[in-house]
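Please keep the sequence and the structure in view while reading.

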Amino acid sequence: QVQLVESGGGLVQAGGSLRLACVASGLTFSTTAMGWFRQAPGKERELVAGISWTGRGTYYPDSMKGRFTISRDNAKNTVYLQMDSLSPEDTAVYYCAAGGASMRGPYNRWGQGTQVTVSS
């Protein structure tokens with residue numbers, strides 16, 4: 001059974017930083033592309049970043065480039081999302097996702113999510 005457990009969310013002031021972590025189990029992590037998504041109230045879930053199974057390749061949609069950095073540690077079955085220069089528009093539930101071979105998706109396994117709230 002695949003489990004993805006996120007941590008690191010919370011309340012931060014605008015301009016601040018947070019680092020999210022996701023520990024995966026029940027899958028062959030070292031050969032699985034991983035991603036981070038977010039969903040704000042009233043909006044659709046959107047991809048924030050993806051990373052290849054080796055960690056050497058990363059993908060960010062144009063709207064996410066510059067302030068987010070995805071990384072992974074295959075020895076720890078963990079994927080991270082470093083978020084800098086946060087703004088209230090980044091307030092959302094952030095989800096870890098596991099996919100297949102491509103860091104661009106599709107993704108078919110999801111964590112429960114962690115809330116990130118950015119105050120102005």
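Which residue takes a positive phi in the hairpin of E4 and E5? The residue is Gly-42, with a phi near 75°. This hairpin has six residues between its strands. The model discussed here is a predicted one.

## Strand E4 and its partners

Strand E4 covers residues 34–39 and is mostly covered, with five of its six residues buried. Its pairing with strand E5, residues 46–51, is antiparallel and comprises five bridges. Within this pairing, Met-34 stands opposite Ile-51 of E5.

E4 is also joined to strand E9, which spans residues 92–99. These two strands run antiparallel and are connected by six bridges. Trp-36 has Cys-96 in E9 as its bridge partner.

## An open sheet of four strands

Another part of the description concerns an open sheet of four strands, arranged in the order E1-E3-E8-E7 with antiparallel pairing. Strand E1 (3–7) and strand E7 (68–73) are the edge strands, each of which pairs on one side only. From one strand to the next, the twist averages 20°.

Strand E3 comprises residues 18–25, and strand E8 comprises residues 78–83. Six bridges link E3 and E8 in the antiparallel sense. Leu-20 has Leu-81 in E8 as its bridge partner.

## The aromatic cluster

How many aromatic pairs does the structure hold? There are two. In one of them, the ring centres of Phe-37 and Tyr-107 are 5.4 Å apart; the pair is edge-to-face because the ring planes lie at 80°, and the cut-off for that class is over 60 degrees. Phe-37 belongs to strand E4, whereas Tyr-107 belongs to strand E10 (residues 107–110), so this pair ties together parts that are 70 residues apart in sequence. Phe-37 is buried, with a relative accessible area of 11%, and Tyr-107 also counts as buried, at 9% relative accessibility.

Phe-37 forms an edge-to-face pair with Trp-110 as well, at 4.7 Å centre to centre and with 70° between the planes. Because Phe-37 lies in strand E4 and Trp-110 in strand E10, this pair ties together parts that are 73 residues apart in sequence. Is Trp-110 buried or partly exposed? Trp-110 counts as partly exposed, since its relative accessibility is 35%, and buried means under 20%. Together, Phe-37, Tyr-107 and Trp-110 form one aromatic cluster.

## Charged ends over rings

## The surroundings of Thr-78

Thr-78 is placed in strand E8. With 5% relative accessibility, Thr-78 counts as buried. A polar atom of its side chain lies 2.7 Å from the backbone oxygen of Lys-76.

Which residues are in contact with Thr-78, leaving aside its neighbours within four places in sequence? They are Ala-21, Cys-22, Val-23, Phe-29, Ser-71, Arg-72 and Asp-73.

Notes:
Residues numbered from 1 in each chain as written. Heavy atoms only, no water. Buried < 20%, exposed > 50% of the residue type's maximum accessible area, 1.4 Å probe, protein only. Pairing = 2+ DSSP bridges. Axes fitted to C-alpha atoms, helices over the stretch in contact; angles between N-to-C directions. Phe/Tyr/Trp six-rings, centres within 6.5 Å; stacked < 30°, edge-to-face > 60°. Polar contact = N/O pair within 3.5 Å; in protein donor to acceptor, adjacent residues only side chain to side chain. Contact = heavy atoms within 4.5 Å.
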